[in-house]
Amino acid sequence: MKRSLVLSTSPVALISAMQSSTERSFELCLRVNDCSSANKSAIRSTDVEIARAPYFFLPFSEGDVDLRLLPLRLLDRDLRAVEFPIYGSSLDELLSRDQQWLINCLSASLDPNHQVRSFAETSLQQASLQPGFGVALASVGANRELPNGLRQLAVVLLKQFIKKHWNEDEEDFEHPVASTDEKASIRRLLLSSLDDPYKKICTAVSVAVASIAQYDWPDDWPELMPFLLSLINDQTKKNAVHGALRCLALISSDMDDKLVPEIVPVLFPCLHLIVSSPQNYDTYLRSKAVTIVYNCTSMLGVMSGVYKTDTSELMLPMLQPWMDQFSSILNHRVPAEDPDDWSIRMEVLKCLSQFIKNFPGLVETRFIVIVGPLWQTFVSSLEVYQRSSIEGAEDPYDGRYDSDGAEKSLESFVIQLFEFLLTIVGSPKFVKVVANNVKELVYYTIGFLQMTEQQVHTWSLDANQYVADEDDNTYSCRVSGALLLEEVISSCGAEGIQAVIDSAKRRISESQQGKDSGSPGWWRLREAILFALASVSDQLLQAEVSALGIGNILEQILTEDMATGVHEYPFLYARLFSSVAKFSSVINHRVTEHFLYAAIKSLGMDVPPPVKVGACRALSQLLPDADRGILRSHVLDLFSSLTELLNNASDETMHLVLETLQAAVKAGHEFSASIEPIISPIILNMWASHVSDPFISIDALEVLEAIKNVPGCIHSLVSRVLPYIGPILSNPLQQPDGLVSGSLDLVTMLLKNASIDVVKAVYEVSFDPVIRIILQSDDHSEMQNATQCLAALVSGGKQDLLSWCGDPGFTMRSLLDVVSRLLDPDLESSGSLFVGSYILQLILHLPSQMAQHIRDLVAALIRRTQSCQISGLKSSLLLIFARLVHMSVPHIGQFIDLLVSIPAEGHINSFAYLMFEWTRQQGEIQGAYQMKVTTTALALLLSTRNVELGNVNVQGHLIKTAMGITTRSRAKEVPDQWTLVPLPTKIMAILADTLIEIQEQVLAGEDEDTDWEEVETEDAETDQDLLYSASAKLHGRPTYEYLDAMAKAFNEDEDEEYEDELFSGADPLNEINLANYLVEFFAKFSQSDKPFFDHLFQSLTKAQQTAIQMVLKR
């Protein structure tokens, strides 16, 4: 047999090189390069059989030499793309060589040399497209004689291979798809590796098995579950149990409602045996078993909404054994340094939460076995947390994760404990469990709220992090504990409030004892008390009975602790300041004034950063109601200190200082004008240097807006801004990122509520550049802000704007050019986002000019609506149509005819399309003004009884299917289906739904949790009866006071973020009382055409009919 020289189709065979070169290897390289350029006849002359395959061999008379041993620098580039024919070798030998090639390639992919590593990665990518690559990876992963690092890498790459080449319907799929035989081989090799003793490999294999199970199990892999069950039932093979449990934990998290009911009766007894056998299985394995129970129970909980009886019958026989077992796990004291114990308790608590949420009726009578052990866990965990985290330098397990990626810290366990207590306290059925011990619950919770030593260290070094953690309510024990206190008061009412007050007093006494005895950590408990009270401040202040008691408690603490050293206890000082701000309404006015003065002084003193943070928090809340006399004597010092802080602030602290500065400008109204020349340049520079930071730039703009609103400041501010802004807008392409967009925001702010002379001054500098930006820019942010700026100019300038350039026609054409660009159906929706606001200003303030272009405008609006991809944009365009309906009164029929005459792609005409889209989108429209205009416009359309209304069918209600839980795959297979209803019927239903919403807001109280199993069909009728009785007097007529309350509730409920002052400010429709309007509409409609009204009324739901009947009885 001839010797052969091994080559490869990819550079992988060339990249693992020797450290030095020899003459022989150099000559060999040249000879190989000669072969690479030879023709087929020359190759055939060596008597080599030509065949296509991943690996190739060339004859070489001097021995068997592997090119992977050649120096990389001596190999010719052309060699990498050359394919060589196979030269005689058995299949077994070839497979062995293939695996050796893959092993070397995997090793090279871990090489520190970037070039070597890059070649290896490229080669692996090329090899992944060849048949057998997945099997080769699985074989390497299963070969326990190889280094663990290489095996783990192989399995990780196999997971990627599965994602890309297993299922052709997958979003990330790449050709070719793995063959059936290859899939079977991979599955077999993976299952044989589940008992691997190396945990990281076992985890990687489990992930790969779970990935395949998503596609193949149970239909194409029926043996998977029996195999896994056989592994977990074999107590002699702990590694196999670990692998099977890890795999089941992953699979169970993705099972649907068909699989879970079949698996649970078989799986849960096996899992219970593991969890209840600590003598045979370690805590880690038992914890994984509980995780699987949690995953399955979670899906059963989802199913309980549809299959309540079935899921209850399935869980009933299994609940008590699990409750007993969970009780046993929680019953002993929490150990100090045993993260595996913390982990299993976390999983138990998660399971119990699912039991309570999804099967409260079944769990209620069995929960008594949990109460004592739960309390033991809660109390003993505080002792461990106190020693390890609060007093200790750090949690030794903080930031650590097990081989499965699960966090092992004490903090995460305590947070889960609070989450479970939140579930109990928030449930009407289970809150009574803690009702008799609510004071103790609050008392221990306050102990958990103490700052840890690690927090003290981190926040002392980085005030920025302190501000961020306090503002963002980051995932922490303090935040979770504060949420529990809020839930205690919400669920327990007066008893909860009293528990908070009594526990605070008890803890104050303890902290005072610690202070008197010289304990160094006394201040932590004092700070935690203030933090706890502040976290429930809104609830405490609403309860007037407790307000006085809280005020006395705080005054006692404030008086005592202000005398302590600010440098020794900076975080306590910071909390004192913020507590005064939170409870200023119940604290003695003199105390509040003293702290206001102290906060102002602190900003200018050499005190630790946390103290200044607390002072800023206090000032931002106290300044709006501060005594003008105090401000008069300290305002200059205050502004000086804040501007100095601003110069040295960073990120989060900058936000806080700007917020405080804004409050100072507003509070010192008459004094602020004198220092505008000092403050404005600083803030403008701050804004310019952070214009690309949306948070800081917005904060800076709000400060500038506050300055602008100070009497006598706007003209000087505008004269300061415009010379800087003009060149930026005129040369947008030469500006750094974000500056043009930010400058447009600044100009828009100046225009808001500005006098006509200011608007004209801004117009002269910005009108032409803004027009050009909209017409020429491809930056969507710039287009959006320029559109808003132009809308503000039109709103402020009105008719006068047309004559400012001397050619009204040119100005109007420029405005219409903008409309044309923004309504271009081919423009991305994001660029057109604020075109609705702009067009609304045109039709409100330039109605006669716009009337000439109404047909073209409507046609363009229809095309833009059809191509729109953003819901908010579509809603704003529908608002324009609604406003045009109002403007066409009393000739609405003519507007309908106009729409009918304009074609619309995919619909019989534009009217049919518009009404289909409008009625479908109405529920998505936000803002009181927008809802008023669109709802009343629909009422106007219905009142016309135009024949075209009857020719249009629109989307009705969703057709429910009997498919059970809707998963993503099912949603793809069977998309939602809707009924079609006549347009008048749909409009009538929308108007009735609006009435229902308003009426519900009148009667809205605190939201109360309800359980699926307690819902009765009579509840809806009972609520309607209650609504009727609450609103009706003699003869069942709603009072005018009730209607006013409806209107007020409607207006107040709308989220302010959807309000646009340009929308509502100039439009008389904003004065509509929607509740009264609908009452009058239904009254007139029912009287003017009773047969038509009755016909539509019969098509409504019971709730909709009841809502209309109520208002008709007035």
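## Confidence, cysteines and a helix pair

At 39% relative accessibility, Cys805 counts as partly exposed, a class lying between buried (under 20% relative accessible area) and exposed (over 50%), with a 1.4 Å probe and protein chains only. Cys492, by contrast, has a relative accessible area of 16% and is therefore buried. With a disulfide taken as a pair of cysteine sulfur atoms within 2.5 Å, the count comes to zero.

This is a predicted model, in which local features need pLDDT of at least 70 and side-chain atom pairs count only at pLDDT 80 or more, while totals for chains, interfaces and linings use all residues. Residues are numbered from 1 along each chain as its sequence is written, and side-chain values use heavy atoms, leaving out hydrogens and water.

The chain averages a pLDDT (the predictor's confidence in each residue, from 0 to 100) of 82, and 82% of the residues score at least 70. The table gives the lowest and highest element means, elements being DSSP runs numbered from the N terminus (helices H or I, at least four residues; strands E, at least two).

| Element | Residues | Mean pLDDT |
|---|---|---|
| strand β2 | 55-59 | 29, the lowest |
| helix α36 | 756-776 | 97, the highest |

Cys492 also belongs to helix α22 (residues 477-492), whose axis comes within 5 Å of that of helix α23 (residues 494-516), crossing at roughly 140°; axes are lines fitted to C-alpha atoms, for helices over the stretch in contact, with angles from 0 to 180 degrees between N-to-C directions. The two helices are therefore oblique to each other, since angles under 35 degrees count as roughly parallel, over 145 as roughly antiparallel, 65 to 115 as roughly perpendicular and the rest as oblique. Contact (heavy atoms within 4.5 Å) involves Val488, Ile489 and Cys492 of α22, which meet Ala494, Glu495, Gly496, Ile497 and Val500 of α23.
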